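Here is a short briefing on one protein chain. Look at the sequence and the structure first, then read the notes below.

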Amino acid sequence: MWQTLLKKFEKYPAQAKVLKLLFERGFQVNEEGKVTSGSIEIAHTQLAKEAGVDRRVVDATTKTIISDELLSRIFKNVHSIPFLRDVAPSLGLGVIIIIPEDAADVGILAEVAGLISGSKVSIRQAVSDDPYLTDNPRLTIITDKKVPGELVDKILELPSVKGVSIY
């Protein structure tokens with residue numbers, strides 16, 4: 001899917017950077033070409049600064065998005081979510097970060113979730129990096145309590161798991 005989107009910008013690498021930023025942050029692009037998060041407008045100058053491009057590149061990217069049926073449908077409907085990883089310890093929640101052997105393998109989340117639920121730990125959130133968008137994808141699982149050490153040992157025994165971090 002990601003390659004299909006990037007192909008539309010193959011002649012415009014600066015616009016591809018903007019597209020990736022918009023998608024990673026879950027920003028929408030409305031019918032007027034304005035970038036939003038919900039009903040909050042985000043200045044094209046701020047996006048340009050973050051992406052390391054000129055504001056006009058952001059303008060051109062949003063024009064392309066609203067003129068393309070697939071891109072328009074995606075960017076009118078994409079949403080960001082609150083990612084609990086960095087605040088979980090303050091909330092008394094556990095964090096497990098899985099480093100997969102191959103993030104494109106099928107069933108990694110199912111295997112890990114099975115072990116977690118078997119240990120009577122509840123999953124509050126699971127966020128998996130897309131292996132096509134991220135160089136070093138991770139599976140981050142937020143649990144309702146700190147994770148016991150024996151559960152980490154069991155997760156490490158899974159053939160699909162290369163490493164585990166907890167906090």
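What percentage of the 167 residues of the chain count as buried? The share is 39%. The model is predicted. The chain holds seven helices and seven strands.

**Overall layout**

- Read from the N terminus, the order of elements is α-α-β-β-β-α-α-α-β-α-β-β-α-β.
- Along the principal axes, the C-alpha atoms fill a box of roughly 55 × 30 × 25 Å.
- The accessible surface of the chain is about 9700 Å². Carbon and sulfur atoms account for 51% of that surface.
- Take the contacts between residues at least 6 apart in sequence: 63% of them join residues at least 24 apart.

**Helix α2 against helix α4**

- Helix α2 spans residues 13–25, and helix α4 spans residues 55–67.
- Their axes come within 9 Å and cross at roughly 70°. An angle of 65 to 115 degrees counts as roughly perpendicular, so α2 is roughly perpendicular to α4.
- On the α2 side, the contact uses A14, Q15, V18, L19 and L22. On the α4 side, V57, V58, A60, T61, T64 and I65 take part.
- By class, the residues of this contact are eight nonpolar, three polar and no charged.

**Salt bridges**

- The count of salt bridges comes to eight. Among them are the pairs K8 with D68, E50 with R25 and D86 with R85.

*K8 and D68*

- The side chains of K8 and D68 meet at 2.9 Å, N to O.
- K8 sits in the loop between α1 (2–7) and α2, while D68 sits in the loop between α4 and α5 (69–77), so this pair ties together parts that are 60 residues apart in sequence.
- K8 has a relative accessible area of 35%, so K8 counts as partly exposed.

*E50 and R25*

- The closest N and O atoms of E50 and R25 are 2.8 Å apart.
- E50 belongs to helix α3 (residues 44–51) and R25 to helix α2, so the bridge links parts that are 25 residues apart in sequence.
- R25 is partly exposed, at 39% relative accessible area.

*D86 and R85*

- For D86 and R85, the closest N and O atoms lie 3.0 Å apart.
- R85 is partly exposed, at 27% relative accessibility.

Notes. Residues numbered from 1 in each chain as written. Predicted model: local features only at pLDDT ≥ 70, side-chain atom pairs only at ≥ 80, totals over all residues. Heavy atoms only, no water. Axes fitted to C-alpha atoms, helices over the stretch in contact; angles between N-to-C directions. Helix = DSSP H or I, 4+ residues; strand = E, 2+ residues; numbered from the N terminus. Parallel < 35°, antiparallel > 145°, perpendicular 65-115°, else oblique. Contact = heavy atoms within 4.5 Å. Nonpolar A, V, L, I, M, F, W, Y, C, P; charged D, E, K, R; others polar. Salt bridge = Lys/Arg side-chain N within 4 Å of Asp/Glu carboxyl O. Buried < 20%, exposed > 50% of the residue type's maximum accessible area, 1.4 Å probe, protein only. Areas by Shrake-Rupley, 256 points an atom, 1.4 Å probe, with all protein chains shown as cover.
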